[in-house]
Amino acid sequence: MSIYWVRFQGESAAEVMSAVATALQQDNHGVAPEQAALPAPTSTSEDEYFREQLTIMHTQWSIDPLRPDLPADQRLVTRAKVHLQHFIRRVTRWYVMNPWLQTNEFHAAIVRIIDAILDRHHMLRRELNDVQYRLQTTEQQVHLLRNELAITRQHLLEMRQRLYRSELE
């Protein structure tokens, strides 16, 4: 399938048909309209929310049971508790390792799947915008052709009336 972009000056259907015929004969595909003519996606608070959640997802998908959680409280008892938890985690690492690795693999797969879905969504959104632009352009051309047809019918009616008057005379 080939797409031809034809630009012409004028408003009549005959000029449109002539421009299209010339482009087809010369195999001149023309230049597509600028992407700026497409409607720009609107930015909403939902978009901001999704961006924030995606950032969190990309930065915090990995689980590390050996990473100590440093408390804001710097008292000796609290720090000793954190070090004791870290020691217990290191001692029981052999028991926690398999579920931890499986969980990390699952989270990484989910992040990759979500990224692939979002890429596909953006591609489909661009295609939809392109189709909407083409539909709008086609509707404008149909409107112009209908106007041209109405004018042609009016001229034809006038010609028939003149012919009928000339036959009567």
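The protein chain in this predicted model has a mean pLDDT of 79, and 75% of its residues reach 70 or more.

| Stretch | pLDDT |
|---|---|
| Helix 1 (residues 13-26), lowest confidence | mean of 72 |
| Helix 4 (residues 93-168), highest confidence | mean of 90 |
| Residues 35-39 | under 50 throughout |

For residues 35-39, the model has 5 contacts beyond four places in sequence.

**Helix 3**

Helix 3 runs over residues 76-91 and so has 16 residues by the run of its DSSP assignment. From its first C-alpha to its last it reaches 22 Å, close to the 22 Å expected at 1.5 Å a residue. Which residues of helix 3 are buried? They are Thr78, Val82 and His86. These residues lie on the same side of helix 3, because they cover an arc of only 80° around the axis. The face turned away from this buried side carries exposed residues, namely Leu76, Val77, Lys81, His83 and Phe87.

**Helix 2 and helix 4**

Helix 2 covers residues 45-60. Its axis and that of helix 4 come within 10 Å. The two axes cross at roughly 145°, and the crossing is left-handed. Which residues meet where helix 2 and helix 4 are in contact? On the helix 2 side they are Leu54, Met57 and His58. On the helix 4 side they are Val111, Ile114, Asp115 and Leu118. Helix 4, which takes part in this pairing, is also where confidence in the protein chain is highest.

Definitions and conventions. Residues are numbered from 1 along each chain as its sequence is written. This is a predicted model: local features need pLDDT of at least 70, side-chain atom pairs count only at pLDDT 80 or more; totals for chains, interfaces and linings use all residues. Side-chain values use heavy atoms; hydrogens and water are left out. Helices (H or I, at least four residues) and strands (E, at least two) are DSSP runs, numbered from the N terminus. The expected span of a helix is 1.5 Å times one less than its number of residues. Buried means under 20% relative accessible area, exposed over 50%, partly exposed in between (1.4 Å probe, protein chains only). The arc is that of the directions from the helix axis to the C-beta atoms. pLDDT is the predictor's confidence in each residue, from 0 to 100. Contact means heavy atoms within 4.5 Å. Axes are lines fitted to C-alpha atoms, for helices over the stretch in contact, and angles run from 0 to 180 degrees between N-to-C directions. A crossing is left-handed if the near helix is turned anticlockwise from the far one by less than a right angle, and right-handed if clockwise.
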